[in-house]
Amino acid sequence: MCRNQRMIEKLFTLARDVVPVAASRIACKIVIGNREISYGFNSRKTDPFQKKYGKNKNAICIHSEVMAIKNALKRLDQNDLKNATLYIARAKKIDGKFVYGLARPCLGCQRAIAAFNIKNVVYSCDNGEIETL
């Protein structure tokens, strides 16, 4: 099993346990080399940082990707993020069982990822596969 798949599997386990936001259970983490830098989870809490990168002016509840970036900036300089990989996993509940879901970042999160020069993004797909941006 490749590193990316292992990272997504670990995040999927975390995503299953988070409180769903609009039926979404999404977990995200930022890794540089072998160091796990930060985590993020979707939340109903609003945040000015999310407002800056929201897909529209009303989308201000923090997304996992933006929370992970915000948390990473507490530990790193913004320039360090150019060497980071951002992993995202979504857990969906279907017929009482958790399965992988599509965790491709929304347009607002893609803007945040680009603004912080994160070039490597790996996310889960509905079929259990992983994709990269």
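Me: Let's start with Asn117: how exposed is Asn117?
Reply: Asn117 counts as partly exposed because its relative accessible area is 36%. Buried means under 20% relative accessible area, exposed over 50%, and partly exposed in between, with a 1.4 Å probe and protein chains only.

Me: And where does Asn117 lie?
Reply: Asn117 is in the loop between α4 and β5. Helices (H or I, at least four residues) and strands (E, at least two) are DSSP runs, numbered from the N terminus.

Me: What about the phi of Asn117?
Reply: The phi of Asn117 is positive, about 60°, although Asn117 is not a glycine. Most residues other than glycine have a negative phi.

Me: Which residue in the loop between β3 and β4 has a place there too?
Reply: Asp95 sits in that loop, with β4 covering 97-101. Phi of Asp95 is near 50°, again a positive value in a residue other than glycine. Asp95 counts as exposed because its relative accessibility is 83%.

Me: Before I go on, what are the ground rules here?
Reply: This is a predicted model, where local features need pLDDT of at least 70, side-chain atom pairs count only at pLDDT 80 or more, and totals for chains, interfaces and linings use all residues. Residues are numbered from 1 along each chain as its sequence is written, and side-chain values use heavy atoms, with hydrogens and water left out.

Me: What pLDDT does the chain average?
Reply: The average is 92, and 100% of the residues score at least 70; pLDDT is the predictor's confidence in each residue, from 0 to 100.

Me: Changing topic: what pattern does the chain follow along the sequence?
Reply: The order is α-β-β-α-α-β-β-α-β-β, with four helices and six strands.

Me: Now helix α3: which of its residues are buried?
Reply: In α3 (residues 64-72), the buried ones are Ser64, Glu65, Val66, Ala68, Ile69 and Ala72.

Me: Nice. What do the buried residues of α3 pack against?
Reply: They pack against β1 (25-32), β2 (35-41), α2, β3 (85-94) and α4 (107-115). Contact here means heavy atoms within 4.5 Å.

Me: Last one: is Lys10 buried or exposed?
Reply: Lys10 counts as exposed, at 52% relative accessibility, and Lys10 lies in helix α1 (residues 3-17).
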